[in-house]
Amino acid sequence: MVEIDQKLADLAKEIAKKAHAPYSNFRVGAALITDSGNIYTGCNIENASYPATICAEDVAVFKAISEGETKINTLAVACIDAESDTAIFPCGISRQRMSEFNTENVIVVNNDGFKKYKFSDILPFDFKF
Ligand code: THU
């Protein structure tokens, strides 16, 4: 599904423009597709009380789950302020949140394109009970 992967990568870069990141100036975007085929996006939203900041991936996950989705197929993440060849991976807390909804793949975007990883390769032995 290369076209869907490209679409998610493009959407992640696009939504990053909406980030509220006045403290880090590090704008992140995420776009995910659920097993039902719906797409949700998110950007990082920072706060003057720094720990209240929320990651782009989490915003996309919360939007999807709060709309009734239960299973994430693929999530793409992009930072439009990183160096040209720098791709960012989801932080640990975001990975744990993605694990909760059985995410299968992660797409990491940089200026040259994107790379797709199996979720189990970036978070092996994830915590569930
Ligand atoms: N950030 C994300 O949105 N996703 C990540 O996976 C890592 C970090 C955001 C949080 C903060 O607004 C900025 O990047 C710098 O840490």
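Trainee: Why is Tyr 23 called partly exposed?

Mentor: This is a predicted model, so every value here is computed from predicted atoms. Tyr 23 has 43% relative accessibility. Buried means under 20% and exposed means over 50%. The 43% lies in between, so Tyr 23 counts as partly exposed.

Trainee: And what makes Tyr 50 exposed?

Mentor: Its relative accessible area is 57%. The cut-off for exposed is over 50%. So Tyr 50 is exposed.

Trainee: Why are the rings of Tyr 23 and Tyr 50 called a tilted pair?

Mentor: Take the distance, then the angle. The structure holds three aromatic pairs. In this one, the ring centres are 5.5 Å apart, and a pair needs centres within 6.5 Å. The planes stand at 45°. Stacked is under 30 degrees and edge-to-face is over 60.

Trainee: Now charges. How do you know that Asp 81 and Arg 27 form a salt bridge?

Mentor: Their side chains meet at 2.9 Å, N to O. The limit is within 4 Å, so the pair qualifies. Asp 81 lies in the loop between β3 (72-79) and α3, and Arg 27 lies in the loop between α1 and β1. The bridge therefore ties together parts that are 54 residues apart in sequence.

Trainee: Are Asp 81 and Arg 27 buried, partly exposed or exposed?

Mentor: Asp 81 has 29% and Arg 27 has 31%.

Trainee: How many salt bridges does the whole structure have?

Mentor: The search finds seven. One of them joins Lys 71 and Glu 104 at 2.7 Å, N to O. Lys 71 lies in the loop between α2 and β3, and Glu 104 in the loop between α3 and β4 (105-110), so this bridge ties together parts 33 residues apart in sequence. Asp 35, Lys 71 and Glu 104 are also linked in a network of salt bridges.

Trainee: Why does Lys 128 with Asp 126 count as a salt bridge?

Mentor: Their closest N and O atoms are 3.7 Å apart. The limit is within 4 Å, so the pair counts. Lys 128 is partly exposed at 43%. Asp 126 is partly exposed at 27%.

Trainee: What makes Ser 94 buried?

Mentor: Its relative accessibility is 0%. Buried means under 20%, so Ser 94 counts as buried. Ser 94 is found in helix α3 (residues 92-100). Not counting residues up to four places away in sequence, Ser 94 touches Cys 55, Glu 57 and Asp 58.

Trainee: Which residues of α2 are buried?

Mentor: They are Ala 56, Glu 57, Asp 58, Val 59, Ala 60, Val 61 and Ala 64. What covers them includes β1, β2, β3 and α3. Just after α2, Gly 68 takes a positive phi of about 100°.

Trainee: Which residues other than glycine have a positive phi?

Mentor: Among them are Asn 25, at about 55°, and Asn 102, near 55°. Asn 25 is found in the loop between α1 and β1. Its relative accessible area is 56%, over the 50% cut-off, so Asn 25 is exposed. Asn 102 sits in the loop between α3 and β4. Asn 102 has 37%, so it is partly exposed.

Trainee: Where does Phe 26 lie, and what does Phe 26 contact?

Mentor: Phe 26 lies in the loop between α1 and β1. Leaving aside neighbours within four places in sequence, its contacts are Ala 21, Asn 44, Cys 79, Asp 81 and Ile 88. Phe 26 is partly exposed, with 32%.

Trainee: Which residues are closest to the centre of the largest pocket?

Mentor: Of the 14 lining residues, these are Phe 26, Val 28, Asn 44, Cys 55 and Ile 88. The pocket has a volume of about 150 Å³. Its lining has nine nonpolar, three polar and two charged residues.

Key: Residues are numbered from 1 along each chain as its sequence is written. This is a predicted model: local features need pLDDT of at least 70, side-chain atom pairs count only at pLDDT 80 or more; totals for chains, interfaces and linings use all residues. Side-chain values use heavy atoms; hydrogens and water are left out. Rings of Phe, Tyr and Trp (its six-membered ring) pair if their centres lie within 6.5 Å; planes under 30 degrees apart count as stacked, over 60 as edge-to-face and the rest as tilted. Buried means under 20% relative accessible area, exposed over 50%, partly exposed in between (1.4 Å probe, protein chains only). On a 1 Å grid over the protein atoms alone, a cavity is a set of points where a 1.4 Å probe fits but cannot get out, and a pocket is an open set with protein on both sides within 12 Å along at least five of seven lines; lining residues have an atom within 4 Å of a point. Grid points are joined across faces, edges and corners, and a volume is the space filled by probe spheres set on the points. Ala, Val, Leu, Ile, Met, Phe, Trp, Tyr, Cys and Pro count as nonpolar, Asp, Glu, Lys and Arg as charged, and the others, Gly among them, as polar. Helices (H or I, at least four residues) and strands (E, at least two) are DSSP runs, numbered from the N terminus. Contact means heavy atoms within 4.5 Å.
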